[in-house]
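Here's a quick briefing to read with the model open in your viewer. We'll go from the overall folds to a few spots worth a look.

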Amino acid sequence: MLAYIVRRILYALPILFGVNVLLFVLFFYVNSPDSMAQTYLGDKRVAHEQIENWKREHGYHLPRLFNTRESFPACFTQTIFWQKSIPLFAFRFGKSDLDDTHIGAAIRARFPFSLCVTVPVFLAGLLVSLFFAMVVAFYRATYLDTWALVICVLLMSVSTMIYIIVGQFLVAIRWRLTPVSGFDAHPVHIWKFLVLPVGIGLISGIGGSVRYYRTIFLEEINRDYVRTARAKGLGEGAVLFKHALKNAMIPILTNVVVSIPFLIIGSLLLENFFGIPGLGSYLIEAIAKQDFMVVRAMVFLGSVMYIVGLIGVDISYTIVDPRVRFQ
Amino acid sequence: MSETFTGLWHNWYVQDLLVLALSALLVRVAAGLRRREYWRLAFRQVFRRPLARVAFWVLCGYTVLALLDSVGFHPRMRNEDGTVRLDRATGRAVLDPDGLSLLDVVLTPIRTAREKTYSAPLAARLFSKEAMAAPGGGTVRDYPPLRYPRRHLLGTDRVGNDVLYLALKSIRTGMIIGALTTLLVIPFALLFGVVAGYFGRWVDDVIQYLYTVLGSIPPILLIAAFMVIFRQGLFQLCLIMGVTSWTGLCRVLRGETFKLRESEYVQAAEAMGVAKLRILTRHIVPNVMHIVLITSVLGFSGRVLAEAVLTYLGIGVAAETISWGAMINDALRELARSPVVWWKLAAALVFTVGLVLPANLFGDTLRDALDPRLRTQ
């Protein structure tokens, strides 16, 4: 098992390296340090020396890939790639070019706030949508099924923005049931600030997931073992909740486990609208301020989380399905 | 680099040419499909469902409006007395630099009927009180009458533009984001997916590595990185959305080609010595086209919805582009007013759902008819 996990992690390294190179090209070639300096110093009439000074202060004066002025080890290490991109592998994200704050520290300080929103949305969403999906699958090919599907598609067709705007307007502004926005980490007050964003997150995601889990259940229901179970005289409820649910776990797990690491990244829109100081609002602030290094760090973190999720899926397969072997 | 993009893109003709090329391609594909029995049967099955039929015609309606809005021209400017304005130096007629589209011409009654500021749907008076000269002398504060009373079906916005006109103009932006992205995605995904699945070995390894790297970055984050560097704009948005949605389709196509490679008819073709390129184009590509079609229709709706979110986050279309995202953004400030200005949000909601819901319903029916086992979310 341990060897299997180690091997999976080793497989992931080339992919992370690819992501790193892609980000390097995007942030240091397409958007050269010169144009970065110009963005920060103001676009018009910046003296050449000012740009050079800015680059020296922030460590962008080095060559990008190969330093011809240095001898062997230093010709590789005294480069932007070595100084700025390689440390990403060790999760050293460096400093923001705008205010010299440590990006890593900011991420560590902010991610718990993101989890406060995303974890309840995720858990409640999973339970609610699995429940509804099973009910809909139970009444398959009836009017209830058809109309449930239409409602699901309708829920999916409304922009998340609209859910948030209307929800915030009605619940917080009109009816004054919850605060409009803000956050207080005190355990007594925290629920007041979370109940509305969590509720909205739940509603905006439920249509798609009920529909998805329904197709998974329906696929299982048409299998041979279900026919056998029915032939033995088991009731429809036992067939669905005992036999089909267990076998549907594998495709459900793929969907669920892969999204767990993403919970750290947070929900951009919910955090922004409800003033929750998590990673989502960190990214939005960085976009608004054009803080390139913060955006780069968040992209790298996001892809690390995705790969962690994929490895998690593989490991969970081996636990759920005894047929899967460690190869 | 980004200046070149936007410069090219702001040229109205480039956009129009792309849109017209896209529609010509669609007509060509549809004509090609009609000749094949398999597709005819599938579409007959789709059109037997009344819901899918309605959805199809609604989508056609949106397409027609978007096409009307894509045929543009520069009308002559007129002086206030109605005569054609002439350039002093050359003596030629001065052309309107902004240009008009056929849709603008059709919508002239509501396009030119500008009010001072907000007015509710079908109202006869403005939404806010103003000081006016009273009939008997002095001033009173009252709601002034509109210049065009009961003309605005969905009211007017802060600067007095008709909201229905804005919503109709947004259709083109939404359709371009949905359709142009698809146009960018399909060739790449089809080429790489089919080649990787058919040739296997190192070609497969390289292509797999490529799409795994791109696919391992969450779409919203990759879009953010790209748009922060290239600045917001319609074309950049289509490009990066194409890059992010390319990987998913490519993966599915590779898997399907893998299966087809082992099928009897491909083996037979190989045994008879048919060239590899011909096997790909004649035997494999036509048999994965249904996947391309289903994912395109279902991906379309996701992109239309994403535009609103991305525009709000400052990584979508430029601020001056008329789009549903921009309308929802304006609505944020309008809802904070008292009394509430709700009609712009309502218009954006109705028009986006009017496009996305039929696209989803039609895509679902299409999937059920062509490949019920294909899992989409």
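Reading along the sequence, chain A runs α-α-α-α-α-α-α-α-α-α-α-α-α-α, which tallies with its count of 14 helices and 0 strands. Keep in mind that this is a predicted model. Chain B has 14 helices as well, plus 4 strands.

**Overall build**

- Chain A has a radius of gyration of 25 Å, whereas a compact globule of 327 residues would come in near 20 Å.
- The C-alpha trace of chain A spans about 85 × 60 × 35 Å along its principal axes, and for chain B the spans are about 100 × 50 × 40 Å.
- Of the 327 residues in chain A, 33% are buried; in chain B, with 377 residues, the buried share is 40%.
- Take the contacts in chain A with a separation of 6 or more: 68% of them pair residues 24 or more positions apart. In chain B, that figure is 68% too.

**Where the chains meet**

- The contact draws on 38 residues from chain A and 36 residues from chain B.
- On chain B's side, the elements giving two or more residues are helices H8 (201–215), H9 (219–230), H12 (276–313), H13 (324–335) and H14 (343–370).
- Which of these gives the most? That's H14(B), with 8 residues.
- By residue type, the side of chain B that touches chain A splits into 28 nonpolar, 7 polar and 1 charged.

**Helix H7 of chain A**

- An α-helix has 3.6 residues a turn, so residues three or four places apart point the same way.

**The largest nonpolar core**

- This core holds 172 residues, and the ones touching the most other members are A:Val295, B:Ala167, B:Ile223, B:Ala224, B:Ala225, B:Ile328 and B:Ala348.
- Helix H7 of chain B (residues 163–199) is the top contributor to the core, giving 19 residues.

**Two positive phi angles in chain A**

- A:Ala141 has a phi near 60°, a positive value in a residue that isn't glycine. You'll find A:Ala141 in the loop between H6 and H7 of chain A.
- Is A:Ala141 buried or exposed? A:Ala141 counts as exposed, because it has 8 C-beta neighbours inside 10 Å and the cut-off for exposed is 12 or fewer.
- A:Gln290 also isn't a glycine, and its phi is positive at about 55°. This one lies in the loop between helix H13 (279–289) and helix H14 (292–320) of chain A.
- A:Gln290 has 18 C-beta neighbours inside 10 Å, so it counts as partly exposed.

Methods:
Residues numbered from 1 in each chain as written. Chains lettered and ligands numbered in written order. Predicted model: local features only at pLDDT ≥ 70, side-chain atom pairs only at ≥ 80, totals over all residues. Contact = placed C-beta atoms within 7 Å. Nonpolar A, V, L, I, M, F, W, Y, C, P; charged D, E, K, R; others polar. Core = buried A, V, L, I, M, F, W, Y, C linked by C-beta atoms within 7 Å. Buried ≥ 20, exposed ≤ 12 C-beta atoms within 10 Å, placed from the backbone. Rg over C-alpha atoms; globule rule 2.2 N^0.38 Å.
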